[in-house]
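Hello,

Here is the structure we spoke about. My notes follow below it.

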Amino acid sequence: MSSDKFPVSKRVLVADDDPAMRHLISTIIKRQEYEVVVAEDGRAAFRILQSDSAFKAAILDMTMPFLEGLDLIRYMRTEKRLMRIPIMMITAEQDIKLMASSFAAGATAFLPKPFTPAQLQSAIRILLGNRQLRKIAA
Amino acid sequence: MLFERTTKIESQETKLLVPVPAGVVGDAVDMELLNAFEELQADDETDLIVELIDLYLTDAPQRMLAIREAALANDWLLLKRAAHNLKGSSANLGIRQVAETCRKLEGTEYEHSTESLADLLRQMDDEFSRASEALLSERQRRLQ
């Protein structure tokens, strides 16, 4: 996808195999005047990341076909051009160990489903611009 | 409920295990939860709730088919994965009973209980039918 219309810092990668979730997240991100690059599964996200690193942030679902969110995080954290991109992991798994694994792999934030619209908005706002988060990601 | 990397994980354990609130169990769809997404609605855009309903009603049958196919193939790993996915998309839109059935499908050890699998698959179909009816009714109400 071309980044001509939006500067590098205004693009967000959203990888989730749930179309309703992709739509919901994309709606919020677009409202904040960011461009959304969507991936329908982990493999599609991986392919995008292989050739494109111009993202302000990435929002990844944990369980996706072909490649899991956790694997994508590990990949991103080992690639120099991707390693500073803040990542939020979204999952239906309410497992404390999974949250710990996500952070250990390099996730910046973790949002378990189900979440309210306010929680999702707040999470995205934090991921995209919060000063405290920048400090964490630095 | 967002957790950042600096969050003290141990202290969040109780929050993560909060049960489904009383009053919504037994309903096919928690309309209050679904309609809460209205706050994301922009004035000049298509009805977001209708879009979410349409996306769910298109996607969920495919996920249910994947669950059935995995059951027929005795592929428990695939079945649990498909159930997990449907659980997530259902729970977030307030379709709690489908989500709850998927939670059971995800957690059952089928090697020891083929009978309960058949029951759960039936339950999944029933709950989805009830949810579809409620969602379509809500969709119609919104488009009037």
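From the N terminus on, chain A runs β-α-β-α-β-α-β-α-β-α-α, which comes to 6 helices and 5 strands. Helices (H or I, at least four residues) and strands (E, at least two) are DSSP runs, numbered from the N terminus.

This is a predicted model: local features need pLDDT of at least 70, side-chain atom pairs count only at pLDDT 80 or more, and totals for chains, interfaces and linings use all residues. Residues are numbered from 1 along each chain as its sequence is written, and chains are lettered from A and ligands numbered from 1 in the order in which they are written.

Of the 138 residues of chain A, 47% are buried (20 or more other C-beta atoms within 10 Å of the residue's own, with C-beta atoms placed from the backbone). Contacts are pairs of residues whose C-beta atoms, placed from the backbone, lie within 7 Å. Among those in chain A between residues at least 6 apart in sequence, 61% join residues at least 24 apart.

In α3 of chain A (residues 69-78), the buried residues are A:G69, A:L70, A:L72, A:I73 and A:M76. Seen down the axis of α3(A), they fall within an arc of 160° (taken from the directions from the helix axis to the C-beta atoms), so they line one face of the helix. Their cover includes β1 (11-15), α2 (42-51), β3 (57-61), β4 (87-91) and α4 (96-105) of chain A.

The contact between the chains takes 34 residues from chain A and 30 from chain B. On the chain B side, α4(B) gives the largest share, 8 residues.

Regards

Technical notes. A residue is buried if 20 or more other C-beta atoms lie within 10 Å of its own, exposed if 12 or fewer, and partly exposed in between; C-beta atoms are placed from the backbone. Two residues are in contact if their C-beta atoms, placed from the backbone, lie within 7 Å.
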